[in-house]
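Take a look at the model below. We will walk through its strands and one part of its surface.

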Amino acid sequence: MPFFSKTKKGTLGKSPKRRAGSLSSLTSQDDQKDENIAIKLQLDENELIFDSATGQWFSESQQGGTNAANLRKQNITLQEENNALRLKNDVLMDMVVALKADLASRSKELESLANGGV
């Protein structure tokens, strides 16, 4: 018995068209065509508002602006400190590699002296 037979037994036919549109709230927002939708985001004491015309976020309160400036300064300070620590780490790793190479050459030298050859 073939899967796609043309017999009327067991066929369903076409489904009826939907009468109502989508029940999603997203499509209803698209129908409004409102370009100036205010999106607000609350992060701790800061309230950020999205300006859909420019596509950027801005802070409504002055306290949030100063807090952002303080966070930028702290971020720069921490980045500088991180760079200094990376530099120190690189110097220490170079010292370890040099000492290990020196130790390897001295151990070979001691082996050759112990075997009786120069």
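Which residues form a nonpolar patch on the surface? Keep in mind that this is a predicted model. The patch consists of Ile37, Ile39, Leu41, Leu43 and Trp57. Together these residues have about 440 Å² of accessible area.

Where does the patch come from? Strand β1, residues 39–43, gives the most to the nonpolar patch, with 3 residues. Ile39 is found in this strand, β1. Is Ile39 buried, partly exposed or exposed? Its relative accessibility is 41%. Buried means under 20% and exposed means over 50%, so a residue in between is partly exposed. Ile39 therefore counts as partly exposed.

Now follow the chain onward. Strand β2 covers residues 46–51. β1 and β2 pair in the antiparallel sense, over 5 bridges. The two strands form a hairpin, with 2 residues between them. Asp44 sits in the turn and has a positive phi of about 50°.

Which residues face each other across this pair? Ile39 stands opposite Phe50 in β2. Leu41 has Leu48 of β2 as its bridge partner. Both Ile39 and Leu41 belong to the nonpolar patch.

The next strand is β3, residues 56–59. How many bridges join β2 to β3? There are 4, and these strands run antiparallel. β2 and β3 also make a hairpin, here with 4 residues between the strands. In this hairpin Gly55 takes a positive phi near 80°.

The pairing can be traced across from β2 to β3. Phe50 stands opposite Trp57 in β3. Leu48 stands opposite Ser59 in β3. Leu48 is the bridge partner of Leu41 and has Ser59 opposite it in β3. Ile39 and Trp57 are both members of the patch.

Step back to the whole sheet. The 3 strands form an open sheet in the order β1-β2-β3, with antiparallel pairing. β1 and β3 are the edge strands, and each pairs on one side only. From one strand to the next, the twist averages 30°.

Conventions:
Residues numbered from 1 in each chain as written. Predicted model: local features only at pLDDT ≥ 70, side-chain atom pairs only at ≥ 80, totals over all residues. Heavy atoms only, no water. Patch = residues over 30% accessible without salt bridge, like charges linked within 9 Å, V, L, I, M, F, W, Y side chains within 5 Å. Areas by Shrake-Rupley, 256 points an atom, 1.4 Å probe, with all protein chains shown as cover. Salt bridge = Lys/Arg side-chain N within 4 Å of Asp/Glu carboxyl O. Buried < 20%, exposed > 50% of the residue type's maximum accessible area, 1.4 Å probe, protein only. Pairing = 2+ DSSP bridges. Axes fitted to C-alpha atoms, helices over the stretch in contact; angles between N-to-C directions.
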